[in-house]
Amino acid sequence: MEITDWNSASAARRDELLTRPAQSSSQKVEGIVKDIIARIRAEGDKALFEYSKTLDHYDGGEIEISGKEQDEACERLDPRLKDAIDKAWGNIRAFHMCQQSTHVDAVTWPGITCSLREHPIESVGLYVPGGSAPLVSTALMLSVPAMIAGCSQVILCSPPPVSDAIIYAARKSGVNRIFRLGGAQAIAAMAYGTDTVPRVLKIFGPGNQFVTMAKRLVSNDPQGAAIDMPAGPSEVMVVADDSANPSFVAADLLSQAEHGPDSQVLLVTVSEDLAKKTLTEVERQLQALPRREIAAKALSHSHAVVCDSVEQACSIACDYAPEHLILQVTEPEGYLDRIRNVGSIFVGAYTPESLGDYASGTNHTLPTYGYAKTCSALGTDDYRRRYTVQHATREGLMSIASVVETLASAEGLDAHRNAVVVRTEQQKK
(Lines give C-alpha, C1' and ligand atoms only; values in the text may rest on other atoms or scores of the structure.)
Protein backbone atom coordinates (compact mmCIF):
# COMPACT_ATOMS: atom_id res chain seq x y z
CA MET A 1 0.00 0.00 0.00
CA GLU A 2 1.08 3.55 -0.67
CA ILE A 3 -0.24 6.89 0.58
CA THR A 4 -1.90 9.28 -1.88
CA ASP A 5 -3.11 12.81 -1.22
CA TRP A 6 -6.64 12.88 -2.59
CA ASN A 7 -6.82 16.60 -3.33
CA SER A 8 -3.51 16.59 -5.20
CA ALA A 9 -4.45 13.57 -7.30
CA SER A 10 -5.73 13.91 -10.86
CA ALA A 11 -9.21 12.75 -11.81
CA ALA A 12 -7.68 9.72 -13.54
CA ARG A 13 -5.66 8.85 -10.44
CA ARG A 14 -8.76 9.14 -8.25
CA ASP A 15 -10.62 6.75 -10.55
CA GLU A 16 -7.68 4.36 -10.37
CA LEU A 17 -7.70 4.45 -6.57
CA LEU A 18 -11.37 3.46 -6.46
CA THR A 19 -11.22 0.73 -9.14
CA ARG A 20 -11.55 -2.86 -7.97
CA PRO A 21 -8.73 -5.16 -9.13
CA ALA A 22 -11.04 -7.96 -10.25
CA GLN A 23 -12.86 -5.67 -12.67
CA SER A 24 -9.77 -5.24 -14.85
CA SER A 25 -9.80 -8.90 -15.96
CA SER A 26 -13.56 -9.29 -16.42
CA GLN A 27 -13.47 -9.98 -20.19
CA LYS A 28 -11.12 -12.93 -19.82
CA VAL A 29 -13.11 -14.30 -16.90
CA GLU A 30 -16.37 -13.97 -18.83
CA GLY A 31 -15.06 -16.08 -21.68
CA ILE A 32 -13.93 -18.88 -19.36
CA VAL A 33 -17.20 -18.89 -17.43
CA LYS A 34 -19.35 -18.88 -20.59
CA ASP A 35 -17.59 -22.05 -21.73
CA ILE A 36 -18.19 -23.75 -18.37
CA ILE A 37 -21.88 -22.85 -18.39
CA ALA A 38 -22.36 -23.95 -22.01
CA ARG A 39 -20.78 -27.35 -21.37
CA ILE A 40 -22.81 -28.03 -18.25
CA ARG A 41 -26.03 -27.05 -20.04
CA ALA A 42 -25.19 -29.33 -22.96
CA GLU A 43 -23.57 -32.28 -21.17
CA GLY A 44 -24.97 -32.16 -17.64
CA ASP A 45 -23.28 -34.50 -15.18
CA LYS A 46 -20.59 -35.54 -17.64
CA ALA A 47 -19.18 -32.00 -17.76
CA LEU A 48 -19.91 -31.44 -14.08
CA PHE A 49 -17.89 -34.48 -12.98
CA GLU A 50 -15.05 -33.47 -15.28
CA TYR A 51 -14.90 -29.96 -13.81
CA SER A 52 -15.11 -31.46 -10.35
CA LYS A 53 -11.87 -33.30 -11.07
CA THR A 54 -10.01 -30.61 -13.00
CA LEU A 55 -11.13 -27.48 -11.13
CA ASP A 56 -12.19 -28.74 -7.70
CA HIS A 57 -9.51 -31.48 -7.66
CA TYR A 58 -12.07 -33.96 -6.34
CA ASP A 59 -11.56 -37.60 -7.27
CA GLY A 60 -14.31 -39.10 -5.12
CA GLY A 61 -17.25 -40.97 -6.53
CA GLU A 62 -20.15 -38.91 -5.21
CA ILE A 63 -20.58 -35.16 -5.44
CA GLU A 64 -23.49 -35.15 -3.02
CA ILE A 65 -22.72 -35.61 0.69
CA SER A 66 -24.92 -38.40 2.00
CA GLY A 67 -26.98 -38.25 5.16
CA LYS A 68 -24.61 -40.72 6.81
CA GLU A 69 -21.59 -38.58 5.94
CA GLN A 70 -23.38 -35.54 7.34
CA ASP A 71 -24.10 -37.36 10.59
CA GLU A 72 -20.45 -38.36 10.92
CA ALA A 73 -19.29 -34.81 10.21
CA CYS A 74 -21.53 -33.43 12.93
CA GLU A 75 -20.24 -36.05 15.38
CA ARG A 76 -16.62 -35.17 14.60
CA LEU A 77 -17.05 -31.45 15.10
CA ASP A 78 -15.16 -29.96 18.02
CA PRO A 79 -17.62 -29.12 20.85
CA ARG A 80 -16.19 -25.62 21.28
CA LEU A 81 -16.70 -24.85 17.60
CA LYS A 82 -20.17 -26.35 17.73
CA ASP A 83 -21.01 -24.11 20.68
CA ALA A 84 -19.72 -21.03 18.84
CA ILE A 85 -21.82 -21.90 15.79
CA ASP A 86 -24.88 -22.37 18.01
CA LYS A 87 -24.44 -18.95 19.62
CA ALA A 88 -23.83 -17.17 16.31
CA TRP A 89 -26.82 -19.01 14.84
CA GLY A 90 -28.97 -17.68 17.66
CA ASN A 91 -27.96 -14.05 17.03
CA ILE A 92 -28.37 -14.33 13.27
CA ARG A 93 -31.76 -15.96 13.71
CA ALA A 94 -32.89 -13.28 16.18
CA PHE A 95 -32.03 -10.44 13.79
CA HIS A 96 -33.55 -12.10 10.73
CA MET A 97 -36.70 -13.18 12.58
CA CYS A 98 -37.46 -9.47 13.04
CA GLN A 99 -37.69 -9.13 9.26
CA GLN A 100 -41.25 -10.39 9.10
CA SER A 101 -43.26 -10.92 5.95
CA THR A 102 -45.28 -7.88 4.88
CA HIS A 103 -49.01 -8.16 4.13
CA VAL A 104 -50.82 -4.99 3.09
CA ASP A 105 -54.56 -4.45 2.57
CA ALA A 106 -55.68 -1.03 1.38
CA VAL A 107 -58.96 0.43 0.13
CA THR A 108 -57.62 2.72 -2.59
CA TRP A 109 -61.03 3.75 -3.95
CA PRO A 110 -64.58 3.10 -2.75
CA GLY A 111 -65.26 -0.49 -3.77
CA ILE A 112 -61.63 -1.29 -4.74
CA THR A 113 -59.26 -3.19 -2.45
CA CYS A 114 -55.56 -3.71 -3.21
CA SER A 115 -53.39 -6.21 -1.33
CA LEU A 116 -49.72 -7.13 -1.14
CA ARG A 117 -48.87 -10.76 -0.46
CA GLU A 118 -45.56 -12.56 0.06
CA HIS A 119 -44.56 -16.22 -0.20
CA PRO A 120 -41.23 -18.02 0.12
CA ILE A 121 -39.31 -18.88 -3.02
CA GLU A 122 -39.77 -22.63 -3.36
CA SER A 123 -36.23 -23.67 -4.32
CA VAL A 124 -32.99 -21.84 -3.56
CA GLY A 125 -29.32 -22.67 -3.95
CA LEU A 126 -26.65 -21.50 -1.53
CA TYR A 127 -23.01 -21.08 -2.52
CA VAL A 128 -20.51 -21.19 0.33
CA PRO A 129 -16.86 -20.44 -0.52
CA GLY A 130 -14.48 -23.07 0.76
CA GLY A 131 -11.10 -24.46 -0.16
CA SER A 132 -8.37 -22.48 1.60
CA ALA A 133 -10.93 -20.65 3.77
CA PRO A 134 -14.06 -22.74 4.44
CA LEU A 135 -16.59 -20.06 5.40
CA VAL A 136 -18.86 -21.67 7.99
CA SER A 137 -20.17 -18.18 8.77
CA THR A 138 -21.46 -17.86 5.21
CA ALA A 139 -23.32 -21.15 5.58
CA LEU A 140 -25.13 -19.60 8.55
CA MET A 141 -25.77 -16.27 6.85
CA LEU A 142 -27.35 -17.91 3.81
CA SER A 143 -29.28 -20.77 5.38
CA VAL A 144 -30.81 -19.10 8.44
CA PRO A 145 -32.95 -16.60 6.47
CA ALA A 146 -33.95 -19.38 4.04
CA MET A 147 -35.20 -21.37 7.02
CA ILE A 148 -37.08 -18.38 8.45
CA ALA A 149 -38.65 -17.53 5.08
CA GLY A 150 -39.85 -21.13 4.71
CA CYS A 151 -38.20 -22.13 1.41
CA SER A 152 -39.20 -25.76 0.79
CA GLN A 153 -36.04 -26.86 -1.07
CA VAL A 154 -32.67 -25.50 0.02
CA ILE A 155 -29.46 -26.94 -1.45
CA LEU A 156 -25.88 -25.93 -0.70
CA CYS A 157 -22.73 -26.16 -2.79
CA SER A 158 -19.22 -25.68 -1.43
CA PRO A 159 -15.81 -26.61 -2.86
CA PRO A 160 -14.34 -29.88 -1.58
CA PRO A 161 -13.35 -30.81 0.99
CA VAL A 162 -16.49 -29.42 2.65
CA SER A 163 -15.66 -28.75 6.28
CA ASP A 164 -17.52 -30.45 9.11
CA ALA A 165 -18.45 -27.00 10.44
CA ILE A 166 -20.18 -26.02 7.19
CA ILE A 167 -22.10 -29.28 7.21
CA TYR A 168 -23.16 -28.78 10.83
CA ALA A 169 -24.28 -25.19 10.19
CA ALA A 170 -26.24 -26.25 7.12
CA ARG A 171 -27.94 -29.14 8.91
CA LYS A 172 -28.83 -26.92 11.86
CA SER A 173 -30.50 -24.45 9.49
CA GLY A 174 -32.57 -26.96 7.55
CA VAL A 175 -30.57 -27.33 4.33
CA ASN A 176 -31.97 -30.30 2.40
CA ARG A 177 -28.98 -31.39 0.31
CA ILE A 178 -25.24 -30.58 0.34
CA PHE A 179 -22.86 -30.94 -2.62
CA ARG A 180 -19.06 -30.98 -2.92
CA LEU A 181 -18.97 -28.51 -5.75
CA GLY A 182 -17.31 -25.14 -6.21
CA GLY A 183 -16.71 -22.36 -8.70
CA ALA A 184 -18.65 -21.37 -11.78
CA GLN A 185 -19.58 -25.01 -12.33
CA ALA A 186 -21.56 -25.04 -9.08
CA ILE A 187 -23.50 -21.93 -10.14
CA ALA A 188 -24.23 -23.41 -13.57
CA ALA A 189 -25.38 -26.71 -12.08
CA MET A 190 -27.78 -25.00 -9.68
CA ALA A 191 -29.09 -22.63 -12.36
CA TYR A 192 -29.83 -25.25 -15.02
CA GLY A 193 -29.87 -28.53 -13.12
CA THR A 194 -28.23 -31.87 -13.89
CA ASP A 195 -29.15 -35.44 -12.99
CA THR A 196 -27.22 -34.99 -9.74
CA VAL A 197 -27.87 -31.35 -8.81
CA PRO A 198 -31.46 -30.06 -8.83
CA ARG A 199 -32.31 -26.82 -10.56
CA VAL A 200 -33.22 -23.91 -8.29
CA LEU A 201 -35.06 -20.64 -8.85
CA LYS A 202 -32.61 -18.33 -7.07
CA ILE A 203 -28.94 -18.55 -6.10
CA PHE A 204 -27.37 -16.89 -3.05
CA GLY A 205 -23.83 -16.44 -1.84
CA PRO A 206 -20.50 -14.69 -2.44
CA GLY A 207 -17.49 -15.98 -4.31
CA ASN A 208 -14.45 -15.10 -6.37
CA GLN A 209 -14.65 -13.34 -9.72
CA PHE A 210 -15.52 -16.58 -11.54
CA VAL A 211 -18.45 -17.28 -9.23
CA THR A 212 -19.61 -13.67 -9.48
CA MET A 213 -19.42 -13.75 -13.28
CA ALA A 214 -21.33 -17.05 -13.41
CA LYS A 215 -24.05 -15.59 -11.21
CA ARG A 216 -24.34 -12.55 -13.46
CA LEU A 217 -24.55 -14.64 -16.63
CA VAL A 218 -27.19 -17.08 -15.37
CA SER A 219 -29.26 -14.22 -13.97
CA ASN A 220 -29.28 -12.55 -17.41
CA ASP A 221 -30.63 -15.74 -19.00
CA PRO A 222 -34.45 -16.18 -18.80
CA GLN A 223 -33.83 -19.93 -18.54
CA GLY A 224 -31.23 -19.50 -15.79
CA ALA A 225 -31.79 -18.45 -12.19
CA ALA A 226 -32.23 -15.23 -10.26
CA ILE A 227 -29.46 -14.17 -7.88
CA ASP A 228 -29.27 -12.32 -4.60
CA MET A 229 -26.77 -9.63 -5.66
CA PRO A 230 -23.35 -9.18 -7.25
CA ALA A 231 -21.27 -10.41 -4.30
CA GLY A 232 -17.67 -11.01 -5.27
CA PRO A 233 -14.21 -10.54 -3.77
CA SER A 234 -14.35 -8.93 -0.35
CA GLU A 235 -13.53 -5.29 0.32
CA VAL A 236 -13.36 -2.87 3.24
CA MET A 237 -12.90 0.86 3.62
CA VAL A 238 -11.78 2.34 6.92
CA VAL A 239 -12.53 6.02 7.49
CA ALA A 240 -10.31 7.29 10.30
CA ASP A 241 -9.22 10.50 11.94
CA ASP A 242 -6.26 11.16 14.23
CA SER A 243 -8.16 9.70 17.19
CA ALA A 244 -8.06 6.23 15.63
CA ASN A 245 -5.78 3.47 16.90
CA PRO A 246 -3.33 2.50 14.09
CA SER A 247 -3.17 -1.06 15.42
CA PHE A 248 -6.96 -1.41 15.21
CA VAL A 249 -7.08 0.09 11.73
CA ALA A 250 -4.31 -2.19 10.47
CA ALA A 251 -6.03 -5.25 11.90
CA ASP A 252 -9.28 -4.32 10.15
CA LEU A 253 -7.53 -3.84 6.82
CA LEU A 254 -5.76 -7.19 7.10
CA SER A 255 -8.94 -9.01 8.12
CA GLN A 256 -10.29 -8.40 4.61
CA ALA A 257 -6.98 -8.63 2.74
CA GLU A 258 -6.57 -12.24 3.87
CA HIS A 259 -9.80 -13.27 2.10
CA GLY A 260 -8.14 -13.53 -1.28
CA PRO A 261 -5.60 -12.01 -3.69
CA ASP A 262 -8.38 -10.12 -5.51
CA SER A 263 -9.76 -8.52 -2.33
CA GLN A 264 -9.23 -4.80 -1.80
CA VAL A 265 -8.79 -2.67 1.32
CA LEU A 266 -8.77 1.11 1.52
CA LEU A 267 -7.87 3.56 4.26
CA VAL A 268 -9.28 7.08 3.95
CA THR A 269 -8.01 9.42 6.64
CA VAL A 270 -7.58 13.06 7.50
CA SER A 271 -4.21 12.34 9.12
CA GLU A 272 -1.07 11.55 7.12
CA ASP A 273 0.62 10.64 10.41
CA LEU A 274 -2.09 8.04 11.12
CA ALA A 275 -1.72 6.66 7.59
CA LYS A 276 2.04 6.19 8.05
CA LYS A 277 1.65 4.56 11.46
CA THR A 278 -1.10 2.28 10.12
CA LEU A 279 0.99 1.07 7.18
CA THR A 280 3.88 0.36 9.53
CA GLU A 281 1.51 -1.61 11.72
CA VAL A 282 0.11 -3.45 8.68
CA GLU A 283 3.60 -4.69 7.82
CA ARG A 284 4.24 -5.78 11.39
CA GLN A 285 0.92 -7.67 11.77
CA LEU A 286 1.19 -9.16 8.30
CA GLN A 287 4.29 -11.14 9.22
CA ALA A 288 2.37 -13.07 11.86
CA LEU A 289 -0.48 -14.15 9.57
CA PRO A 290 -0.58 -17.71 8.20
CA ARG A 291 -2.28 -16.30 5.05
CA ARG A 292 0.25 -13.48 4.66
CA GLU A 293 1.04 -14.30 1.02
CA ILE A 294 -2.62 -13.97 0.07
CA ALA A 295 -2.99 -10.79 2.13
CA ALA A 296 0.16 -9.31 0.59
CA LYS A 297 -1.27 -9.75 -2.93
CA ALA A 298 -4.46 -7.97 -1.88
CA LEU A 299 -2.43 -5.18 -0.31
CA SER A 300 -0.49 -4.70 -3.55
CA HIS A 301 -3.58 -3.16 -5.18
CA SER A 302 -4.92 -1.46 -2.07
CA HIS A 303 -4.47 2.18 -1.10
CA ALA A 304 -4.25 4.73 1.70
CA VAL A 305 -5.80 8.11 0.90
CA VAL A 306 -5.32 11.36 2.82
CA CYS A 307 -8.09 13.94 2.52
CA ASP A 308 -9.07 17.23 4.18
CA SER A 309 -11.97 16.23 6.43
CA VAL A 310 -14.12 13.38 7.64
CA GLU A 311 -16.94 14.87 5.56
CA GLN A 312 -14.79 14.54 2.45
CA ALA A 313 -13.88 10.98 3.47
CA CYS A 314 -17.59 10.17 3.67
CA SER A 315 -18.06 11.58 0.17
CA ILE A 316 -15.24 9.35 -1.12
CA ALA A 317 -16.89 6.40 0.60
CA CYS A 318 -20.18 7.14 -1.17
CA ASP A 319 -18.37 7.20 -4.54
CA TYR A 320 -16.64 3.89 -3.83
CA ALA A 321 -19.73 2.25 -2.22
CA PRO A 322 -17.79 -0.27 -0.11
CA GLU A 323 -19.03 -3.65 0.96
CA HIS A 324 -17.85 -2.89 4.52
CA LEU A 325 -17.23 0.54 5.98
CA ILE A 326 -15.58 1.07 9.37
CA LEU A 327 -15.88 4.48 11.06
CA GLN A 328 -13.00 4.99 13.48
CA VAL A 329 -13.53 8.70 14.08
CA THR A 330 -14.55 10.92 16.97
CA GLU A 331 -18.35 10.78 17.44
CA PRO A 332 -18.92 8.41 14.48
CA GLU A 333 -22.71 8.35 14.90
CA GLY A 334 -22.79 11.93 13.61
CA TYR A 335 -21.60 10.80 10.18
CA LEU A 336 -24.03 7.93 9.57
CA ASP A 337 -26.50 10.07 7.62
CA ARG A 338 -23.72 11.15 5.24
CA ILE A 339 -23.09 7.59 4.07
CA ARG A 340 -25.79 6.02 1.92
CA ASN A 341 -23.88 3.77 -0.49
CA VAL A 342 -22.57 0.93 1.66
CA GLY A 343 -23.23 -2.73 2.39
CA SER A 344 -22.73 -2.56 6.16
CA ILE A 345 -21.32 0.05 8.57
CA PHE A 346 -19.25 -0.70 11.67
CA VAL A 347 -19.37 2.15 14.14
CA GLY A 348 -16.51 3.02 16.48
CA ALA A 349 -13.20 1.54 17.55
CA TYR A 350 -14.73 -1.49 19.22
CA THR A 351 -16.84 -2.71 16.29
CA PRO A 352 -14.45 -4.64 14.04
CA GLU A 353 -15.76 -5.92 10.71
CA SER A 354 -15.24 -9.50 11.90
CA LEU A 355 -17.98 -8.95 14.50
CA GLY A 356 -20.49 -8.66 11.67
CA ASP A 357 -18.85 -11.51 9.77
CA TYR A 358 -19.57 -13.96 12.55
CA ALA A 359 -21.74 -13.14 15.49
CA SER A 360 -23.47 -9.75 15.84
CA GLY A 361 -26.53 -10.98 13.94
CA THR A 362 -26.47 -8.87 10.77
CA ASN A 363 -25.92 -10.64 7.47
CA HIS A 364 -22.42 -10.55 6.02
CA THR A 365 -23.54 -11.29 2.45
CA LEU A 366 -23.21 -7.83 0.98
CA PRO A 367 -22.95 -6.15 -2.43
CA THR A 368 -19.44 -5.52 -3.76
CA TYR A 369 -17.97 -3.89 -6.92
CA GLY A 370 -19.81 -0.65 -6.05
CA TYR A 371 -23.24 -2.29 -6.32
CA ALA A 372 -23.98 -1.01 -2.82
CA LYS A 373 -25.26 2.07 -4.66
CA THR A 374 -28.29 0.06 -5.79
CA CYS A 375 -28.24 -3.26 -3.88
CA SER A 376 -28.82 -4.04 -0.21
CA ALA A 377 -27.45 -6.35 2.44
CA LEU A 378 -28.96 -9.82 2.30
CA GLY A 379 -32.09 -10.27 4.39
CA THR A 380 -35.03 -12.57 4.89
CA ASP A 381 -37.09 -10.69 2.28
CA ASP A 382 -34.64 -11.82 -0.41
CA TYR A 383 -35.97 -15.36 0.05
CA ARG A 384 -39.56 -14.26 -0.53
CA ARG A 385 -41.42 -13.04 -3.58
CA ARG A 386 -44.14 -10.39 -3.53
CA TYR A 387 -47.25 -10.14 -5.65
CA THR A 388 -50.31 -7.93 -5.61
CA VAL A 389 -54.02 -8.70 -5.53
CA GLN A 390 -56.86 -6.35 -6.42
CA HIS A 391 -60.62 -6.78 -6.14
CA ALA A 392 -63.33 -4.41 -7.38
CA THR A 393 -67.02 -4.59 -6.62
CA ARG A 394 -69.55 -3.70 -9.30
CA GLU A 395 -70.00 -0.29 -7.76
CA GLY A 396 -66.25 0.19 -7.51
CA LEU A 397 -65.71 -0.49 -11.20
CA MET A 398 -68.57 1.76 -12.23
CA SER A 399 -67.21 4.66 -10.20
CA ILE A 400 -63.63 4.45 -11.50
CA ALA A 401 -64.45 3.41 -15.08
CA SER A 402 -64.05 6.88 -16.57
CA VAL A 403 -60.53 7.17 -15.15
CA VAL A 404 -59.42 3.94 -16.82
CA GLU A 405 -61.19 4.73 -20.09
CA THR A 406 -59.59 8.18 -20.31
CA LEU A 407 -56.07 6.90 -19.61
CA ALA A 408 -56.41 3.95 -22.02
CA SER A 409 -57.66 6.27 -24.77
CA ALA A 410 -54.72 8.61 -24.17
CA GLU A 411 -52.34 5.68 -24.72
CA GLY A 412 -54.21 4.47 -27.81
CA LEU A 413 -54.93 1.09 -26.24
CA ASP A 414 -58.55 0.55 -27.22
CA ALA A 415 -58.72 -3.06 -26.08
CA HIS A 416 -57.75 -1.94 -22.57
CA ARG A 417 -60.54 0.67 -22.66
CA ASN A 418 -63.00 -1.86 -24.06
CA ALA A 419 -62.39 -4.30 -21.17
CA VAL A 420 -64.00 -1.68 -18.94
CA VAL A 421 -66.61 -0.41 -21.41
CA VAL A 422 -68.21 -3.83 -22.01
CA ARG A 423 -68.77 -4.20 -18.28
CA THR A 424 -70.14 -0.71 -17.65
CA GLU A 425 -72.44 -0.80 -20.64
CA GLN A 426 -73.85 -4.15 -19.53
CA GLN A 427 -74.49 -2.74 -16.07
CA LYS A 428 -76.23 0.33 -17.55
CA LYS A 429 -78.62 -1.94 -19.44
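This is a predicted model: local features need pLDDT of at least 70, side-chain atom pairs count only at pLDDT 80 or more; totals for chains, interfaces and linings use all residues.
Colleague: Hi! Which side chain does Glu30 meet in a salt bridge?

Modeller: Glu30 pairs with Arg216, at 3.6 Å from N to O. By salt bridge I mean a side-chain nitrogen of Lys or Arg within 4 Å of a carboxyl oxygen of Asp or Glu. Residues are numbered from 1 along each chain as its sequence is written, and side-chain values use heavy atoms, with hydrogens and water left out.

Colleague: Thanks! What does the Glu30 and Arg216 pair tie together?

Modeller: Glu30 lies in helix 2 (residues 26-43) and Arg216 in helix 9 (residues 209-219), so the pair ties together parts that are 186 residues apart in sequence. Helices (H or I, at least four residues) and strands (E, at least two) are DSSP runs, numbered from the N terminus.

Colleague: And is Glu30 buried or partly exposed?

Modeller: Glu30 is partly exposed, with a relative accessible area of 21%, and Arg216 is partly exposed with 33%. Buried means under 20% relative accessible area, exposed over 50%, and partly exposed in between (1.4 Å probe, protein chains only).

Colleague: How many salt bridges does the structure hold?

Modeller: There are 23 salt bridges. One of them joins Glu2 and Arg13, whose closest N and O atoms are 3.1 Å apart. Glu2 sits in strand 1 (residues 2-5) and Arg13 in helix 1 (residues 11-17), so this pair ties together parts 11 residues apart in sequence.

Colleague: Which residues are linked with Glu2 in a network?

Modeller: Arg13 and Glu16 are linked with Glu2 in a network of salt bridges.

Colleague: Switching topic: what forms a salt bridge with Arg394?

Modeller: Glu395 does, with the closest N and O atoms 3.0 Å apart. Arg394 is partly exposed at 47% relative accessible area, and Glu395 is partly exposed at 48%.

Colleague: Now the whole protein. How many helices and strands has it?

Modeller: The protein has 16 helices and 15 strands. Its C-alpha atoms fill a box of roughly 90 × 60 × 40 Å, taken along the principal axes. Of the 429 residues, 51% are buried.

Colleague: Last one: what share of contacts join residues at least 24 apart?

Modeller: Among contacts (heavy atoms within 4.5 Å) between residues at least 6 apart in sequence, that share is 74%.
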